[in-house]
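Reader: I would like to go through a structure feature by feature. Please give the general idea each time, and then the case at hand.

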Amino acid sequence: MSAEQSPKIVIVDESPIRAAILEEGLREAGYTSVVRISEMQSLLARIYALDPDIIVIDLENPSRDILEQMFQVSRAVRRPIAMFVDQSDAASIQASVDAGVSAYIVDGLKKERIKSILDLCVSRFNAFSKLQDELDRTKMALEERKVIDRAKGILMKLKGLTEEEAYVLMRSTAMREKKKIGEIAQSILTASELLK
Amino acid sequence: MTTPLHIGFIPLVDAASLIVAVDKGFCAEEGLDVTLVREVSWSNVRDKLNIGLFEAAHLLAPVAIASSLGLGHVKVPITAPFNLGINGNAITVSPALHVAIMAEIDGAAADPLVTARALARVVAKRRKAGAEPLTFGMTFPFSTHNYQLRFWMAAGGVDPDEDVHLVVLPPPYMVDSITNGHVDAFCVGAPWNSIAVDRGVGHILHFVSDILVRAAEKVLAIRQSWSEKNPAVVVSLVRAAKRAAEFIEEPGNRAEAAYILAQPERVGVDAEVIQRTLDGRLKISPDGTIRESARYLLVGREAATRPDPLQAAWLYAQMARWGQTAVSPEALKTAMAVFRPDLYDAALGKSGGAAADTAIGAFTGPVFDPEDIKGYLHSFDIPRRAP
């Protein structure tokens, strides 16, 4: 293996979007040899066939334990000898664990190159987490919107209010009870279910 | 209140003492502020413990030893002042393999030597017929499951490295893997064997207590450096865990313990399935056959909670037997020193209790002697290479 050429990097991730984001980042940084694996069946056999220099895997992936087999005396042609960066480099390990990514690295690569690859993966992972959070928040807001609309409909029907009046009633109740308007709307839905 | 502690665990029934210690408030009563963190892989638990994201963890006993010796990974000395479980695993085979083994059986199917020899005949027939070797799933290279499976099949003449495929599978994937035929059998802890039986895709062939009367399964693992700096916290943790173990072993508390463990953020399976495990009363066949064993999983009884260096030595000998390390007297000493009955006794005094008989109790082979591991290993025909 020549460590000076672009090392072969395998990304093991069940999230295709995150894997794509990682791959894009690596390619932009000049790492041209990147393969993604999202299917966990026969994971070890596929990795042996690809014979990568570096394997990057999400820490939330239970298949991480499967990779531990590579460290055994095995029939594998070549096996990674270190995990994360280096035993001495606690900061990188910590950063990688915090970000939820771990890297298995085959011997023979220069430490600085490994560090830059890992740093890149860590920052991309963090960027993805942020995106995911925003998406979750948007989804929740959307759900809340739906609940509020249904509660409004119930108030309009039961109390003969206009849409505007129904909304104002919920908002003022929320303020008085120091609750979110979504919670008040949910209570209305629950109550109306019970009283059916 | 002491500083907050983060303790990692894998959703398995043998994390029971830790989970109950926290959720019943025993930790809080000892002045501990513990957050349990559910993890998805043993590698994560080990690494987060090693780098200090966890102060303690529910850990495979062999991983605590491997980590202390630097086998397979970075070397971080681990201290185990409390044993979280003895036994608790089972070997489950697919319905097809069950039929094949039963067709070859020559004696009592409850005898592991008889089933292992039957397995050897199944393996030989498959080879002759040009069929793929059988695949066995286990949970981690450094796991009791791995060693129990190997010990069993080797006794019947099956070389686990030559005659079958032995693969690591995360426990939650075991049932799916046997359903879709990716494995023919597996050795795993509770509740996964019961779930395979309930779904009609597996037969429990053996409880691991058929293979070894007593095997240290999981430990409460603490980084040695941290343990030395925080002796009072270690004492409190051991006390809380011991109280939880005693709570769980009280038959009248079983239902409550099972309910606590069943919570989605804990083990996350039906309380009824968990209680079967705690009671040692398992459905072993899809036809409804029940098997009861007082030895299936020991959480707190028979001094299961007291770490036993003999167990550490036995696990170390398995690592040597299967080529994970070479035998060395220094390494043996290090391995045995991971298990700390002294810390356990210091925390609990006489109330900790001691077992009358703590022998390994293997179904075959010589009595294990930590003073002569080389002689012990030479007594086995398998692996066929010289150890």
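Reader: Which side chains meet in a salt bridge with a distance of 2.9 Å, N to O?

Author: A salt bridge here is a side-chain nitrogen of Lys or Arg within 4 Å of a carboxyl oxygen of Asp or Glu. Glu68(A) and Arg46(B) are the pair, at 2.9 Å from N to O. Across the interface of chain A and chain B the rule finds two salt bridges. Before going on: this is a predicted model, in which local features need pLDDT of at least 70 and side-chain atom pairs count only at pLDDT 80 or more, while totals for chains, interfaces and linings use all residues. Residues are numbered from 1 along each chain as its sequence is written, chains are lettered from A and ligands numbered from 1 in the order in which they are written, and side-chain values use heavy atoms, with hydrogens and water left out.

Reader: How many residue pairs are in polar contact between chain A and chain B?

Author: A polar contact is a pair of N or O atoms within 3.5 Å; within protein, one must be able to donate a hydrogen and the other to accept it, and residues adjacent in sequence count only if both atoms are side-chain atoms. The count is nine residue pairs, both residues at pLDDT 80 or more. On the side of chain A that touches chain B, helices H3 (64–67) and H4 (90–99) of chain A each supply at least two residues. Helices (H or I, at least four residues) and strands (E, at least two) are DSSP runs, numbered from the N terminus. H4(A) gives the most to that side, with four residues.

Reader: What area do chain A and chain B bury between them?

Author: Buried area is the accessible area (1.4 Å probe) that two parts lose on being put together, summed over both. For chain A and chain B the value is about 2,200 Å², 52% of it on carbon and sulfur atoms. In contact (heavy atoms within 4.5 Å) are 24 residues of chain A and 28 residues of chain B.

Reader: Where does Asp58(A) sit relative to Arg18(A), its salt-bridge partner?

Author: The closest N and O atoms of the two are 2.7 Å apart. Asp58(A) is in strand E3 (residues 54–58) of chain A and Arg18(A) in helix H1 (residues 16–28) of chain A, so the pair, 40 residues apart, links distant parts of the chain. Over all chains the count comes to 34 salt bridges.

Reader: Where is the cis peptide bond with an omega of about 10°?

Author: That bond joins Ala190(B) and Pro191(B). Pro191(B) lies in the loop between strand E8 (185–189) and helix H9 (192–198) of chain B. Another cis peptide bond, with omega about 5°, joins Ile382(B) and Pro383(B). Pro383(B) is in the segment after helix H17 (373–378) of chain B.

Reader: Which residue has a positive phi although it is not a glycine?

Author: Asn87(B), with a phi of about 60°. Asn87(B) is found in strand E4 (residues 78–87) of chain B.
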